[in-house]
Amino acid sequence: MFVVTGATGNVGRSLVQALTAAGAQVTATSRGISGADVPESVRYTQADLADPESLRPVLDGADALFLQSGGASAHLLNTPAILDVAKAGGVRRVVLLSSVGVASRPESASHGGVLKAIEDGVRRSGLEWTILRPGGFASNTFAWAESVRAERIVAAPFADVGIPVIDPADIAEVAAAALREDGHAGQIYELTGPELSTPRQQVAAIADALGEPVRFVELTRAEAREKMLGFMPEPVVETTLSALGEPNEAELRVSPDVERVLGRAPRPFAAWAERHIAAFR
């Protein structure tokens, strides 16, 4: 039995579907999960990673755990306590969703430091572990959906700076393999798309999928910063803008790890846009 935390997120939702399609028994969990979030055959239960004891009934009898690192709330995780509860329930294998920021921005508390501490806790757990370090998500462009629907316009900074964004479904498929198969213990997989993709190119791909033009308006860094401060802490904003506007070598690298694990190339951004174009109509 597999437990998927963060099961309502972009990766967790796809992972639940991938495991279920493979015939696995799955328990999906997040703070606000409901039956509408999972396939009919999937057991679901609400739990909070910030409260490890809430996971005890979820993990009882489980074989493997997908641990979502918490995103903006990662600093709230008591990883050793979570993994102690997992071991007490019978879990022997854990797959952690971390971030390329551990390698690319180790000096950043938001992108490197906190997640490095979580990774270290997983490594010391005594469980079989696999760590996934994806770069930027293709699904981050859902932030543009409202303006595309209303005005057929996208405003974003760094129009022609590309990074190899990854389809969350590819992350989920790698996670499913690491959970279900032997041979992944002790591995750290860096997960990226197949090519560098700029915001301008992403908007063009959305427009192609829509069959209608979408106008791109380039924001200055200062303009983007002001907008982002409305929903992100300042240190997170500054590091995010640096990673998007001045990506370093680690953030520009196209990794072979998706193909190594899945035996196929990762999906390009255009394929993600086509699958999710209903959100932009």
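Predicted model: local features only at pLDDT ≥ 70, side-chain atom pairs only at ≥ 80, totals over all residues.
Student: How many residues does helix α1 have, and what should they span at 1.5 Å a residue?

Tutor: The expected span of a helix is 1.5 Å times one less than its number of residues. Helix α1 has 12 residues, 10-21, and should therefore span 16 Å; its end C-alpha atoms lie 17 Å apart, which agrees.

Student: Which residues of α1 are buried, and what covers them?

Tutor: Buried here means under 20% relative accessible area. In α1 the buried residues are Val11, Gly12, Leu15, Val16 and Leu19. Because they cover an arc of only 135° around the axis, they are on the same side of α1. Their cover includes the strands β1 (2-5), β2 (26-30), β4 (64-68) and β5 (93-97), together with helix α7 (168-180).

Student: What follows α1?

Tutor: Gly23 follows, with a positive phi near 85°.

Student: In which order do the strands of the sheet run, and which are the edge strands?

Tutor: Two strands pair if at least two bridges are found between them. The open sheet has seven strands in the order β3-β2-β1-β4-β5-β6-β8, paired in parallel. Its edge strands are β3 (43-46) and β8 (187-191), each of which pairs on one side only. From one strand to the next, the twist averages 15°. Four bridges join β2 and β3 in the parallel sense, and Ser30 stands opposite Gln46 in β3.

Key. Residues numbered from 1 in each chain as written. Heavy atoms only, no water. Helix = DSSP H or I, 4+ residues; strand = E, 2+ residues; numbered from the N terminus. Buried < 20%, exposed > 50% of the residue type's maximum accessible area, 1.4 Å probe, protein only. Arc of directions from axis to C-beta. Contact = heavy atoms within 4.5 Å. Axes fitted to C-alpha atoms, helices over the stretch in contact; angles between N-to-C directions.
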